[in-house]
Amino acid sequence: RNVETIVDLARARGIRPVLATLPHGTDAQLPFVEMAPEIERFAAELRAIAMERADDVVFVDLAATWPDRPEWFKDVGHLTDAGIAHKAEQIGHAVLDALRR
């Protein structure tokens with residue numbers, strides 16, 4: 001409900017928000033790896049909202065498209081500089097594609 005409220009408030013101000021799922025590591029050696037199922041549960045919620053509100057948001061499903069690069073994770077959800085750069089590139093491409101439409 002909070003994400004939907006944020007989308008509604010942004011749209012009321014003429015802003016098209018960007019929603020992105022969180023890429024997450026699954027290597028058993030990563031700190032906090034037990035949180036991976038919760039991160040994926042939230043990703044599923046974002047996917048559902050993005051499908052319902054496709055005209056209102058730019059959606060980037062990083063969790064579904066993330067390459068198998070365990071070295072890009074400091075822990076289950078925090079990225080190294082290389083991971084951050086990849087994430088920024090993917091979101092940047094999605095925003096630019098949306099602006100071109």
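Contact here means heavy atoms within 4.5 Å. By that rule, Ala-94 touches Val-58 and Val-60, with residues up to four places away in sequence left out. This is a predicted model: local features need pLDDT of at least 70, side-chain atom pairs count only at pLDDT 80 or more, and totals for chains, interfaces and linings use all residues. Residues are numbered from 1 along each chain as its sequence is written, and side-chain values use heavy atoms, without hydrogens or water.

**Nonpolar cores**

- A nonpolar core is a set of buried Ala, Val, Leu, Ile, Met, Phe, Trp, Tyr and Cys residues joined through side-chain atoms within 4.5 Å.
- Buried means under 20% relative accessible area, exposed over 50%, and partly exposed in between (1.4 Å probe, protein chains only).
- The largest nonpolar core has 11 residues, among them Leu-30, Val-33, Leu-62, Trp-72 and Ala-98.
- Helices (H or I, at least four residues) and strands (E, at least two) are DSSP runs, numbered from the N terminus.
- A second, separate core holds 7 residues, including Val-7, Leu-19, Leu-46 and Ala-50.

**Largest pocket**

- The largest pocket holds about 150 Å³ of space.
- A pocket is an open set of points on a 1 Å grid over the protein atoms alone, where a 1.4 Å probe fits, with protein on both sides within 12 Å along at least five of seven lines; lining residues have an atom within 4 Å of a point.
- Grid points are joined across faces, edges and corners, and the volume is the space filled by probe spheres set on the points.
- The lining includes Pro-23, His-24, Asp-27, Trp-66, Arg-69 and Phe-73.
- Its residues divide into 6 nonpolar, 3 polar and 3 charged.
- Trp-66 and Phe-73 also belong to the largest nonpolar core.

**Loop residues**

- Val-57 sits in the loop between α2 (36–52) and β2.
- Val-57 counts as buried because its relative accessibility is 3%.
- Beyond its neighbours within four places in sequence, Val-57 contacts Val-7, Arg-16, Pro-17, Leu-19 and Ala-50.
- Asp-61 lies in the loop between β2 and α3 (62–65).
- At 16% relative accessibility, Asp-61 is also buried.
- Asp-61 touches Thr-21 and Arg-47, not counting residues up to four places away in sequence.

**Backbone**

- Phe-32 is in the loop between β1 (18–20) and α2.
- Phe-32 has a positive phi, near 65°, and is not a glycine.
- Most residues other than glycine have a negative phi.

Methods
Ala, Val, Leu, Ile, Met, Phe, Trp, Tyr, Cys and Pro count as nonpolar, Asp, Glu, Lys and Arg as charged, and the others, Gly among them, as polar.
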